[in-house]
Amino acid sequence: MTRDQLLTASDSALPTLRGAVAGLPSYVPGRRSAGTDIAALASNESHYEPLPAATAAVAAAAGTMNRYPDSAAVELRERIARHLGVTAGEVAVGPGSVGVLQQIITGLCDAGDEVIFAWRSFEAYPILVELAGARPVRIPLDDAEGHDLEAMAAAVTGRTKMILLCTPNNPTGVPISHHSLEAFLQSVRPDILVVIDEAYVEYADAGTGPDSLALYRRYPNVCILRTFSKAYGLAGLRVGYAITTAAIAEGLRRTALPFAVSALAQKAAVASLDAGEEMTARVSAVKQERARMAAELQEQGWTLQPSQGNFLWIRADAVLLATLVDAFNDAGIMVRAYQGDGVRITVADPASNNRVLRLLAAHAA
């Protein structure tokens, strides 16, 4: 049979995607533009260039791109371990924290297992869960735009395999307090993995969120998820990591795509950890801008929850959201709209932030 005949044959005779894949929604990344007059505030990236030490490390390693990277990422895992006071055996790395999370979900979940998470939260959660054949269980946020831990605990069943907690939450910026999270962990079966996703932890004010490392040491079913994409400014290199028990970490390393984290990414991540003081100064500047913007928006009449990420969240119904999105587009400001929920605005440089403030002042109630 010729190729043309094959193509005209019944669709049932051709390869098809798994049902779980065919029905998946697409992950929607923040929009981008190359225009110099566009304020790109739709993705929660650092608006700073990479740390000079990271850039230098990448330049020095560029001549080795013909070689495979260390698939075990030994140097990076050892450096992360020293940074956080754990052992290298408790560290697993991957292509961004979302890549590590995919390893976690596919490594632990069987078909029909349930994964509980708040909603709205990180958009990739339901996609990764469904891709693994598991069932996503969405629990609505509470009135303060945070996790309703009581409702999440009540949603646990015999099929629950994992609970995902994003703190500070993306896109609302609301953290989970240490006290409430510890009480929650005391109520959760020890065979359920509780993943504390801390992609934005560096931007959180001290004491607003949990001491995840202390909880990890007390509750072996806790897994901490972090990334170099946000505060460290390495979003384009894709490197994140998990802190978990040595047994689970070893399983994640076994199931990871070989050589998923490039040598350049590994070197840049190590250099970024070594330049902690400079990174902290950059984070402080973002936090100052976040506080300035929040205070002015509240004066304008907008209702905001205190954000502990590098972004602000404005709850908006469909009509207001459509108005704001059109206004931002017309003004050359790219923000992230979540249909039916609201709009997320990344905190950037003062000039871009001032453009946001002027626009929202014109649409305040």
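1. Arg120 lies in the loop that joins strand S3 (114-119) to helix H6 (124-131), where helices (H or I, at least four residues) and strands (E, at least two) are DSSP runs numbered from the N terminus. The peptide bond that leads from Trp119 into Arg120 is cis, its omega being near 20°. This is a predicted model, in which local features need pLDDT of at least 70 and side-chain atom pairs count only at pLDDT 80 or more, while totals for chains, interfaces and linings use all residues. Residues are numbered from 1 along each chain as its sequence is written, and side-chain values use heavy atoms, with hydrogens and water left out.

2. A cis peptide bond is also found from Thr167 to Pro168, with omega near -5°, and Pro168 sits in the loop between S5 and H8. For context, most peptide bonds are trans, and most residues other than glycine have a negative phi.

3. Arg238, in the loop between S7 and strand S8 (240-243), has a phi near 60°, a positive value in a residue other than glycine; at 31% relative accessibility Arg238 counts as partly exposed, that is, between buried (under 20% relative accessible area) and exposed (over 50%), with a 1.4 Å probe and protein chains only. Phe259 is not a glycine either, yet has a positive phi of about 60°; Phe259 is placed in the loop between helix H10 (246-255) and H11 and, at 37% relative accessibility, counts as partly exposed.

4. In helix H8 (residues 178-187), the residues Leu181, Glu182, Phe184 and Leu185 are buried. They cover an arc of only 160° around the axis, and so lie on the same side of H8, the arc being that of the directions from the helix axis to the C-beta atoms. His179, Gln186 and Ser187, on the other side of H8, are exposed. The buried residues of H8 pack against several elements, among them helix H7 (149-154), strand S6 (193-197) and helix H9 (212-218), contact meaning heavy atoms within 4.5 Å.

5. The axes of helix H4 (residues 74-84) and helix H11 (residues 263-274) come within 9 Å and cross at roughly 20°; axes are lines fitted to C-alpha atoms, for helices over the stretch in contact, and angles run from 0 to 180 degrees between N-to-C directions. H4 and H11 are therefore roughly parallel to each other, a term for angles under 35 degrees. The contact involves Glu75, Leu76, Arg79, Ile80 and His83 of H4, and Gln266, Lys267, Ala269, Val270, Leu273 and Asp274 of H11.

Notes. Angles under 35 degrees count as roughly parallel, over 145 as roughly antiparallel, 65 to 115 as roughly perpendicular and the rest as oblique.
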